[in-house]
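Please look over the sequence and the structure before reading on.

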Amino acid sequence: MTTTCATALDVQYRQALLDYLAHPDEARLERAYCLGRQALADGLGVLDMAKTHSQALSVVLAGNDNDVDRTQLPGALERFLLEAISPFQIAHRSFRHANLELHRLNDVLENQAKRIAYALHAEASQLVASVHLALAGVATRLPPEHVTDIQSARVLLDQIEDRIRRVSHELRPTILDDLGLVPAIE
């Protein structure tokens, strides 16, 4: 926690807590929420808020001149603290929800890559094999001097087939499906 933010927060929190304990109403309780939001925006954490609350609590407990009903004190302190840290809880839930959504989207992307890799490998390879067969059939009907042209085309088809295989494996390495993520990485 930065010293400037902490010092300002400590002072504001202590004063807001004392005000709330003297006059426990919603407006003063809302001040705790605003302080929590400001602390979150400043990059402070829940532990920073707990420390700030603890320091303010020591001032409250040491003070003999306040009009606070000591029987109501624990509940009021709890309400104020819970209100002050509620922005952290809201942020935590939002982050957790966003993280779950990212995992879901990652699964969708993984499945799409797997589908594309399979389609690319299986379907394109079948087409290349069909062209190989068609060229072989054409080569049998051509005069021998033109067969070299067909061979050149077949060499290009072999290169295309190799590139298709490489791209499909880059999209979805088969080792992932065979062994899983950790062994594939190792």
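Contact means heavy atoms within 4.5 Å.

## Basis

This is a predicted model, in which local features need pLDDT of at least 70, side-chain atom pairs count only at pLDDT 80 or more, and totals for chains, interfaces and linings use all residues. Residues are numbered from 1 along each chain as its sequence is written, and side-chain values use heavy atoms, with hydrogens and water left out.

## Leu-81

Leu-81 is found in helix 4; helices are DSSP runs (H or I, at least four residues), numbered from the N terminus. Leu-81 counts as partly exposed because its relative accessibility is 23%. Buried means under 20% relative accessible area, exposed over 50%, and partly exposed in between (1.4 Å probe, protein chains only).

Not counting residues up to four places away in sequence, Leu-81 touches Tyr-13 and His-53. The C-alpha atoms of Leu-81 and Ala-32 are separated by 7.4 Å, although the two residues are 49 apart along the chain.

## Nonpolar cores

A nonpolar core is a set of buried Ala, Val, Leu, Ile, Met, Phe, Trp, Tyr and Cys residues joined through side-chain atoms within 4.5 Å. The largest one has 20 residues, of which Tyr-13, Leu-17, Leu-21, Met-49 and Phe-80 touch the most other members. Helix 1 (3–22), helix 2, helix 3 (46–62) and helix 4 each give two or more residues to this core.

Leaving aside neighbours within four places in sequence, Leu-17 is in contact with Ala-56, Val-60, Leu-77 and Phe-80. Another core lies apart from the largest one and has seven residues, among them Ala-124, Ile-150, Leu-157 and Ile-164.
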